[in-house]
Amino acid sequence: MTEQRTLLVGYDFSDDYTQISYYNEKHYEPESVSISGPEQFLIPTVLGVKESSKEWLIGAAAQEVAAAGEGMLVDHLVKRASSDETVT
């Protein structure tokens, strides 16, 4: 038997941080998602690519690779998108 469920997801974007939340039907309120560890709900709004493997990274992982000089960091994503800027 297949149970049909509804999932409500919200994203808050800014040039500094992104937060992802979903609606918890049991508690009747939104809950934020942590991807880096417990209680770390704000994800740095950056992308990065590791030069050695061409692996794409997001958030703190992208910042760490760039700080170590092992890759490129793309920041100010909201500003760049709103001005139709292309990043290569």
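User: What makes the pair R80 and D75 a salt bridge?

Analyst: The closest N and O atoms of R80 and D75 are 3.5 Å apart. A salt bridge requires a side-chain nitrogen of Lys or Arg within 4 Å of a carboxyl oxygen of Asp or Glu, so the pair qualifies. The model is a predicted one, in which local features need pLDDT of at least 70 and side-chain atom pairs count only at pLDDT 80 or more, while totals for chains, interfaces and linings use all residues. Residues are numbered from 1 along each chain as its sequence is written, and side-chain values use heavy atoms, with hydrogens and water left out.

User: Which residues are linked in a network of salt bridges?

Analyst: The network joins D75, R80 and E85. E85 forms a salt bridge with R80, with the closest N and O atoms 2.8 Å apart. The search of the whole structure finds 2 salt bridges.

User: Why does R80 count as partly exposed?

Analyst: Buried means under 20% relative accessible area and exposed means over 50%, with partly exposed in between (1.4 Å probe, protein chains only). R80 has 22% relative accessibility, so it counts as partly exposed. D75, at 28%, is therefore also partly exposed, and E85 is partly exposed with a relative accessible area of 41%.

User: Why is S21 called buried?

Analyst: S21 has 16% relative accessibility, so it counts as buried. S21 is in strand β2 (residues 17-24), a strand being a DSSP run of E of at least two residues, numbered from the N terminus.

User: What makes the pairing of the S21 and S32 side chains a polar contact?

Analyst: The two side chains make their polar contact at 3.3 Å. The term covers a pair of N or O atoms within 3.5 Å; within protein, one must be able to donate a hydrogen and the other to accept it, and residues adjacent in sequence count only if both atoms are side-chain atoms.

User: How do you know that the protein is more spread out than a compact globule?

Analyst: The protein follows the pattern β-β-β-β-β-β-α-β-α along the sequence. Its radius of gyration is 16 Å, well over the 12 Å that the globule rule gives for 88 residues, so the protein is more spread out than a compact globule. The radius is taken over C-alpha atoms, and the rule is 2.2 Å times the number of residues to the power 0.38. The C-alpha atoms fill a box of roughly 50 × 30 × 30 Å along the principal axes.

Definitions and conventions. Helices (H or I, at least four residues) and strands (E, at least two) are DSSP runs, numbered from the N terminus.
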